[in-house]
Amino acid sequence: MESFIQEYAFFQGLPLWISIGSVLIVYIVMAYRGMPLWLWAITGFAALIGFNAPVWLIGFYAFLVILFNVKPVRRALVSAPIMKTLDALKILPAISETEQTAIDAGTVWVEGELFSGKPDLKKLAKETYPDLTDAERAFMDGPVEKLCSMVSDWELYQTKDFNEETWAYLKEKRFFGLIIPKEYGGYGFSANAHSAIVAKLASRCGPLATTVMVPNSLGPAELLMHYGTDEQKKHYLPRLAKGEEMPCFALTEPNAGSDAGAMQSHGEVFKGKDGSLYLKLNWDKRYITLAAISTVIGLAFKLNDPENLLGKGTDLGITCALVPSDTKGVELGKRHDPLGVPFYNCPTRGKDVVVPVDSIIGGKEGAGNGWRMLMESLAVGRGISLPAQAIGGARTAVRAVGAYAAIRKQFGINIGKFEGIEEPMARIGGYTYLMDAARGYICGALDKGAKPAVVTAIAKYNFTELGREIINDSMDIVAGAGISRGPRNIFAHAYISTPIAITVEGANILTRTLMIFGQGAIRSHPYALKEIEALMNKDVKQFDDNFWRHIGHVAQNETRSFMLSITRGWLAKSPVKGSAAKYYRKLAWASASFAFMADIALGSYGGGLKMKEKIAGRYADILSWMFLATATLRRYEADGKQKEDRVFFEWAMQHAFYRIQTAFDEIYSEIRVPGLSWLFRGPVAVWSRMNRIGKKPSDDLGQKVAQAMQMRGEQRDRITADIYLPLSREEALGKYEYAMKQIESTYPIYKKLYKATKAKEIDKNHVLKQIEPALEKGIITKGEAEQVRKTEEARFDAILVDEFTLEEYDKGIAVAPPSDGYKNPQKDTVLL
């Protein structure tokens, strides 16, 4: 044996640095590629022989190889003791029944790739990016356009309700049946169409979008479609599609908001005098949209069956049932006032309300399955409704702010040329491009049947938060025009209502700190959930299979993170060429670093990680921005890498990696790793700041985004596509569009006046006062002079705000009086 070792001791005679360097290179290559354990064993033998190791050391190594490679031996001698230790120390988090249901609801999609540390970039780049069908496009351009034209956001805020004509049109065109299958009288539209419709309505009127959105989201129709009995579907779905039934869904209670599992509403199964089974229900719900005008209530409650009449036990848990609103004991007729936003948001109570047991959604079999129904439905709905409202508002902001910045002048120049204005404009444009990318990317997955709960939580949180930034920036830019309410004000109501979107469908604080990473770390991690299940089930085999794979996963991601960091991602192969390639490489780098640090957090905090909400929130930020970057990359390719979109794409991608870098910096400075906190807060943090994965978009790039928003044309139309764009100059946005068009067509004349001013042929003055001197000197023609006057009239009309008499204001008014800032203002309808 010794002679064999000496004969093949290939490292002998070589300099030590070459020998050690060779071993390190082999280690890095194998760890980076995630080689199997048996190959590591063979490589280890080769290294020991190469260094002429003594026989006893090779023998000891052989013992270790057998111990860790022969699974029955490893399970008995290593895995079982480790499993007992982890269980005793509560290293891995325990999962409650409601948490388990939430985790099991839905599916894992691209977030699993990002969590893996080694994402399949080719797969991410080929995910479906959908378009509307011909039927869906016809509905958008027909009934949706018509509905938008029928509603005035300002008038609705005055009257607090839609007029009869609008309600009739909503029912006639089956706006409450967007998702209901055609066989039941609905449209059976895709998630993409559902999202696009809500977004367009939101661009016109927030409460209108909410009114259409809610019956098509979590509620009776959605639950019946997936879980209802045939009898329930046949009875309710056609009526819901036609608007003959108005649904609401009652979930939230005074003591059960984000913690819906704490609900106190309850039901009890009992046998009636006729021998049939019934439910006696009691509830106290609040914040229920459409409740006051509902005809059927979808009710979530905890069900008890004290006599086990259903044969499923006595404590059945959360259940969903349909309760006709006119049932004895149901209390309706009141409404909340959510920041003055006029949509029906109401309390509802029930006292000893009796309904047949068949009212349970899904019949008797549905008893106790309500929590699963809710979680699975929310896994889809969070990715459609509120994100659609946010993108509708964002597109409108791009359109309106871009126009206003080009129209409004101060100190003799358009405000859009001030750097202080360019900065928030860049955010508005960049966020909108990014959000729209994610909207399409998510809808493509939903339309294929995916229910990615973590991704839709990312969408709900980030769309509403970015929407909040967009509306704040918009208000800052339009300034006085944003705070003076009236028909001319495009932004005030969106600004007022923003906290509502932040709060509903899981408050954003909870969504960020618990759902995205807290549940995502378990659901999306390749091994964590399987390990937890093994511990809970005392399954040594399952634990052994996953624990050692997990160890290899950590080692691979540690190496990938290091190598991708020092090469700035260049070791990763991009699935595309061109300007997007570098961002795919950075995505691989970010994913490897995230996956490694996620395992560091799981190992350091164990079961206490769910309570470390601040650190979890920073991990959630990284996962969120990796996903948003992925979606933006997909959109750019799907749109054909439009040259005009390049500045929006670049700004969005650079900002995404800047946010990822910021979150990493905060993690390194705060994470507590037993015995190693100094390493992450010191050397790792310093290296991260020196070798940044991203930095803020440059001022020059932001300027280009702002300039693009102020230029009429195909690019501006594309980024603001599918909003309601009124053609009348009596409408606020119509005034902006007309004035912008006039300014653009008059630009050559303004240029003549500017040159004449520079040459001192005419005095520097307001442009209207330059017209006559310019005419006298032949600088401009009479036709050009008239065009300048009309343009300045349009500019002035566009920047005016609404004003009311004291009597009108005290009484409350539905329509603001027209301004007479100019004599004979243009009031015709024009095609823009």
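Author: A nonpolar core is a set of buried Ala, Val, Leu, Ile, Met, Phe, Trp, Tyr and Cys residues joined through side-chain atoms within 4.5 Å. Buried means under 20% relative accessible area, exposed means over 50%, and partly exposed is in between, with a 1.4 Å probe and protein chains only. The model is predicted: local features need pLDDT of at least 70, side-chain atom pairs count only at pLDDT 80 or more, and totals for chains, interfaces and linings use all residues. Residues are numbered from 1 along each chain as its sequence is written, and side-chain values use heavy atoms, with hydrogens and water left out.

Reader: How many residues does the largest nonpolar core have?
Author: Met435, Phe517, Met597, Tyr619, Phe627 and Ile671 have the most contacts inside this core. Nonpolar side chains tend to be buried together in soluble globular proteins. The count for the largest core is 184 residues.

Reader: Which helix gives the largest share of this core?
Author: Helices (H or I, at least four residues) and strands (E, at least two) are DSSP runs, numbered from the N terminus. The largest share is 15 residues, and these come from residues 581-605, which form helix H25.

Reader: How many residues are in the other core, the one with Leu218 and Phe249?
Author: That core lies apart from the largest one. Ala221 and Ala256 are also among its members. Its count is 29 residues.

Reader: What is methionine 435 in contact with?
Author: Contact means heavy atoms within 4.5 Å. Neighbours of methionine 435 within four places in sequence are left aside. The residues that remain are Ala390, Ile391, Ala394, Phe463, Leu466, Gly467 and Ile470.

Reader: Is alanine 426 buried or exposed?
Author: Alanine 426 is in helix H18, residues 419-447. Beyond four places in sequence, alanine 426 is in contact with Trp651, Gly702 and Val705. Because its relative accessible area is 3%, alanine 426 is buried.

Reader: Which residues of helix H13 are buried?
Author: H13 covers residues 206-213, and seven of its eight residues are buried. They pack against helices H9, H10, H11, H12 and H17 and against strand E3. The buried residues are Pro207, Leu208, Ala209, Thr210, Thr211, Val212 and Met213.

Reader: Which side chain makes a polar contact with the side chain of arginine 204?
Author: A polar contact is a pair of N or O atoms within 3.5 Å; within protein, one must be able to donate a hydrogen and the other to accept it, and residues adjacent in sequence count only if both atoms are side-chain atoms. Arginine 204 is in helix H12, residues 191-204, and is buried because its relative accessible area is 15%. At 3.0 Å, its partner is glutamate 731.

Reader: Why does threonine 746 count as buried?
Author: Threonine 746 is in helix H31. A polar contact of 2.6 Å joins its side chain to that of threonine 791, and threonine 746 also touches Gln787 and Val788. Threonine 746 counts as buried because its relative accessibility is 0%.

Reader: Is tyrosine 747 buried or exposed?
Author: Tyrosine 747 lies in helix H31. Its C-alpha atom is separated by 72 Å from that of alanine 534, 213 residues apart along the chain. Because its relative accessible area is 52%, tyrosine 747 is exposed.

Reader: Which helix supplies the largest share of the lining of the second largest pocket?
Author: On a 1 Å grid over the protein atoms alone, a cavity is a set of points where a 1.4 Å probe fits but cannot get out, and a pocket is an open set with protein on both sides within 12 Å along at least five of seven lines; lining residues have an atom within 4 Å of a point. This pocket is lined by 38 residues, and Lys409, Gly412, Ile413, Asn414 and Lys417 lie nearest its centre. Ten residues of the lining come from the helix with the largest share, H31.

Reader: How much space lies in the second largest cavity?
Author: Grid points are joined across faces, edges and corners, and a volume is the space filled by probe spheres set on the points. Six cavities of 30 Å³ or more are counted. For the second largest cavity, helix H31 gives the largest share of the lining, three residues. The space in this cavity is about 60 Å³.
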